[in-house]
Amino acid sequence: MYKVEWSAKMESLIGPYHEFIVEILEFVNQEPKFSIKTESDLEVLVKKIKELKEDESCNYKFLDVATRTNLKNYIRDLKYEGENLLSKYNEFNINYREFLSKDWEDNTQYSKELTKAFEYFYTDLIHGKIFNDTVGESNAIREFREELTLESTCPYCDYHEMEFDSASVDHFIPKSQYPLLAIFPQNLVVACTACNDRIKKEKLYLPIMHPYFDNLDEYFYFTYKDNIIDIEFYDYVSIKDREKVKNFFKLFNLKERYNKYSKRKLIKLKKEIQRNVIKQIKDIENISIDEVQFKIREELDDLYADISKYKKIDALTKLKLDYLKQMKEECFSDLIS
Ligand SMILES: [Zn+2]
């Protein structure tokens, strides 16, 4: 719900994944190329890899990994693909944001072999020691998860405060549908397991907001009326951006979840304000309505400042801040009663 800034540390951990894929796809485009499967293809491929390893002008890092892991088998499979995968990948790299906005599409039918290869890159390869020793930091994906769960709420729901053990790495655009994005850095978002594993799963709605690119909280505000939490858009928000926000809410089932689990937090917040104000005014005789209003305003302002300090750290700050604003706009009629 709040933007996650892509930091230099994140880039240093995950950035090398992108270079690794580019290397592999460049190599897939080079000779030898395979069209019909034969028994000796793997031998031919390994021979080529060994030649390149001895060639001092070639600095591909993946060569070492390929000879020592199953990677070579998957590279062989990619060499049967008819598509130019490198240019497809580069197109995705250039158009990732346009894809999210639905201004660019990819209608390629990806083969089962290609999907399996990229699934292997993500599920096995990048978690392995050989890959990490050669390509990046040791256990970069684990560190990436650690970095993003430190004192942070889930960027999707802002409901769960994330902990290392209860967070997972989500493929914002599902890798099952767009396998080339399986280890594409900006497609990897650390989120709570409720959002990622239980609610979003393999779904995709476009156009959509993305936590690395959009300040979602600047497009809408929460309202709490007649016991229902809903959202409204600021006037300046375009129709397209409204659709992107709505799809984000739909993808993570946020309205239902907020209504089910967050209302009691708002009730608690209101009670806290009432309690604090009553404590301050209970000994004042003949207090006027204006004075009560003044005290409430002070209390709301203090709370607003307090909660603002913990945006992205404490759960539900967006909801709470919007609720405080709403109470102020409604001249705290509810509170005074
Ligand atoms: Zn979440």
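Asn 227 lies in the loop between β3 and β4 (228-233), where helices (H or I, at least four residues) and strands (E, at least two) are DSSP runs numbered from the N terminus. The model is a predicted one, in which local features need pLDDT of at least 70 and side-chain atom pairs count only at pLDDT 80 or more, while totals for chains, interfaces and linings use all residues. Residues are numbered from 1 along each chain as its sequence is written.

Although Asn 227 is not a glycine, its phi is positive, at about 65°, and with 9 C-beta neighbours inside 10 Å the residue counts as exposed; a residue is termed exposed if 12 or fewer other C-beta atoms, placed from the backbone, lie within 10 Å of its own, buried if 20 or more do, and partly exposed in between. A positive phi, near 50°, is also found at Lys 201, a residue other than glycine, which is placed in the loop between α9 and β3 and counts as exposed with 11 C-beta neighbours inside 10 Å. Most residues other than glycine have a negative phi, and most peptide bonds are trans.

The loop between α9 (193-200) and β3 (220-225) also holds Pro 207, which is joined to Leu 206 by a cis peptide bond with omega of about -5°. A cis bond, with omega near -5°, likewise leads from Glu 31 to Pro 32, and Pro 32 is located in the loop between α1 (8-29) and α2 (41-54).

The domain assignment divides the chain into domain 1 (8-200) and domain 2 (216-336), with bounds that come from an automatic or database domain assignment. The centres of the two domains, taken over C-alpha atoms, are separated by 42 Å. Twelve residues of domain 1 are in contact with twelve residues of domain 2, contact being defined by C-beta atoms, placed from the backbone, that lie within 7 Å.

When residues up to four places away in sequence are not counted, the residues touched by Ala 191 include Cys 154, Pro 155, Tyr 156 and Asn 196.

Methods. Contact = placed C-beta atoms within 7 Å.
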